[in-house]
Amino acid sequence: MGEALAAGGWGLLAGSALLVGAAIGYGLRVPPLVVALVMAFGSGVLISAVSFDLIADAHEQGGLVPTTLGALGGAAVYTGANVLLARGGARDRKRSGGQQPSESEQPGSGNAIALGALLDGIPESVVIGTSLIGPGGVSAATVSAVFLSNVSEGLSSSAGWRRAGRDRSYVFGLWGGIAVISGLSAVLGRTVLGTMSDEVLAAGSGVAAGAILAMIADTMIPEAFEKAHLVTGLVTVCGFLTAFPLAQT
């Protein structure tokens with residue numbers, strides 16, 4: 001019970017970073033280039049966490065086959081859900097410019113964006129919960145990576161939502177709700193996957209890793225490249241290397 005509560009606390013902490021990013025993105029006129037650079041850095045941080053705290057650990061624990069199948073399944077499920085939500089108006093939910101539709105331009109897009117934001121956040125939170133399975137406590141690299149990436153996602157998305165005419169209550173209500181759900185998802189990651197065999201746990205970690213990698217490629221990198229262009233790769237590598245030492249502790 002204590003570890004489940006701890007997982008919920010860490011998940012809530014990482015999810016609260018969405019509100020931090022939202023406060024910056026919605027309340028301040030952040031230059032688009034800065035938003036792009038932050039998004040590129042957050043992408044690198046997440047890629048590092050997926051590589052060393054998810055895929056590598058899952059492979060060591062359960063083997064190559066369940067890890068690979070899980071990652072492919074997670075990417076496929078995320079992509080399918082993302083395609084459906086994109087048709088409802090959530091395609092550009094992480095874009096900070098004028099790409100996002102307003103509710104008058106595409107009715108129902110607010111609900112699609114909310115579901116899309118939820119789709120993006122759950123795999124990351126489950127990962128935090130699974131990192132508490134076994135000795136050693138929570139993974140500092142995972143929590144730090146999710147926190148930093150959530151700041152960048154909250155910043156970029158909220159700047160775009162403001163430009164699309166969505167009011168403050170929508171923005172902060174949505175991110176506040178997702179922060180709470182992030183805590184609950186972390187609890188489920190610890191309690192549900194913690195009872196499974198090593199192979200099933202590896203597959204579950206692979207599912208989360210595949211979904212996160214698909215999310216980075218589909219929603220984060222495009223926003224970064226839109227304004228940062230040829231320095232996107234360099235900044236992404238900087239984010240990767242910033243998170244790398246944490247994964248080695």
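A crossing of two helices is right-handed if the near helix is turned clockwise from the far one by less than a right angle. In this predicted model, the crossing of α1 and α6 is right-handed.

**Two helix pairs**

Helix α1 covers residues 2-27 and helix α6 covers residues 168-191. Their packing angle is about 155 degrees, and their axes lie 7 Å apart. Angles over 145 degrees count as roughly antiparallel, so α1 is roughly antiparallel to α6. The contact of α1 with α6 has 16 nonpolar residues, eight polar ones and three charged ones.

A second pair is formed by helix α3 (residues 64-90) and helix α7 (residues 198-228). Here the angle is about 40 degrees, with the axes 6 Å apart. That angle makes α3 oblique to α7. The crossing of α3 past α7 is right-handed.

Which residues in α3 and α7 meet? From α3 come Pro66, Thr67, Gly70, Ala71, Gly74, Ala75, Tyr78, Thr79 and Asn82. From α7 come Glu199, Ala202, Ala203, Gly206, Val207, Gly210, Ala211, Ala214, Met215, Asp218 and Thr219. By class, this contact of α3 with α7 divides into 10 nonpolar, eight polar and two charged residues.

**Nonpolar cores**

In soluble globular proteins, nonpolar side chains tend to be buried together. In this model, the largest nonpolar core has 17 residues. Leu46, Leu54, Ile212 and Met220 have the most contacts inside that core. Helices α2 (32-62) and α7 each supply at least two residues of this core. Its largest share, nine residues, comes from α7.

Leu46 shows the local packing. Leaving aside residues up to four places away in sequence, Leu46 touches Glu124, Ala145, Ser149, Glu153, Ile212, Met215, Ile216 and Met220. Two of these names return from above: Ile212 and Met220 are listed with Leu46 among the core residues with the most contacts. Met215 also takes part in the contact of α7 with α3.

There is also a second, separate core. It has 13 residues, including Trp161, Leu174, Trp175 and Ile178.

Is Gly21 buried or exposed? Buried: its relative accessible area is 0%, and buried means under 20%. Gly21 sits in helix α1. Beyond residues up to four places away in sequence, Gly21 touches Val151, Gly154 and Leu155.

Ala81 belongs to helix α3.

His229 lies in the loop between α7 and α8 (232-247). Its relative accessibility of 42% makes His229 partly exposed. What is the phi of His229? The angle is near 55 degrees, a positive value in a residue other than glycine.

**Spacing along the chain and in space**

The table sets two C-alpha separations beside the sequence gaps.

| Pair | Apart in sequence | C-alpha to C-alpha |
|---|---|---|
| Gly21 and Gly74 | 53 residues | 26 Å |
| Ala81 and Ala145 | 64 residues | 24 Å |

Key: Residues numbered from 1 in each chain as written. Predicted model: local features only at pLDDT ≥ 70, side-chain atom pairs only at ≥ 80, totals over all residues. Heavy atoms only, no water. Axes fitted to C-alpha atoms, helices over the stretch in contact; angles between N-to-C directions. Helix = DSSP H or I, 4+ residues; strand = E, 2+ residues; numbered from the N terminus. Parallel < 35°, antiparallel > 145°, perpendicular 65-115°, else oblique. Contact = heavy atoms within 4.5 Å. Nonpolar A, V, L, I, M, F, W, Y, C, P; charged D, E, K, R; others polar. Core = buried A, V, L, I, M, F, W, Y, C linked by side-chain atoms within 4.5 Å. Buried < 20%, exposed > 50% of the residue type's maximum accessible area, 1.4 Å probe, protein only.
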